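Hi everyone, thanks for coming.

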Amino acid sequence: RNPPDSTERGSGAARRAMGFLTRWLAGKMEDPAKRQADFEKHMTTTMAKCEEVKKNWEQPTKTHRWWTKDRNQLTYKFSLEPMLVNAPGRAQNW
């Protein structure tokens, strides 16, 4: 098929307006190489932070023999008492 004539494509003013819009939109778009570089930098810093968090998760949260102290034993025992936590179950007779 032959390319269309200038009369079929539209008037010159319409073509100039479309050229202006095309150039304007192209000027507003990001550079793909810069966008990719920014994304890779973001992913690198995010992965570094994730590794740091994972390393911290491996650390103990309580000191050695933390549960053997009386105060902490009472906290554990009271948390199991149904009457104190309003949980269903048989309450002790007091």
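Let me start with a definition: buried means under 20% relative accessible area, exposed means over 50%, and partly exposed is in between, with a 1.4 Å probe and protein chains only. Please keep in mind that this is a predicted model, where local features need pLDDT of at least 70, side-chain atom pairs count only at pLDDT 80 or more, and totals for chains, interfaces and linings use all residues. Residues are numbered from 1 along each chain as its sequence is written, and side-chain values use heavy atoms, leaving out hydrogens and water.

Now, the charges. Side chains of opposite charge can pair when their charged atoms come close. How many salt bridges does a search of the whole structure find? The search gives 2, where a salt bridge is a side-chain nitrogen of Lys or Arg within 4 Å of a carboxyl oxygen of Asp or Glu.

One joins R35 and E30, at 3.7 Å from N to O. R35 is exposed at 55%, and E30 is exposed at 55%.

The side chains of K34 and D38 also form a salt bridge, at 3.1 Å from N to O. Both residues sit in helix α3, residues 32-57, 4 residues apart, which is about one turn of the helix. Helices here are DSSP runs of H or I with at least four residues, numbered from the N terminus. K34 is exposed at 53%, while D38 is partly exposed at 39%.

Finally, M18 is in helix α2, residues 12-28. Thanks, friends!

Technical notes
Helices (H or I, at least four residues) and strands (E, at least two) are DSSP runs, numbered from the N terminus.
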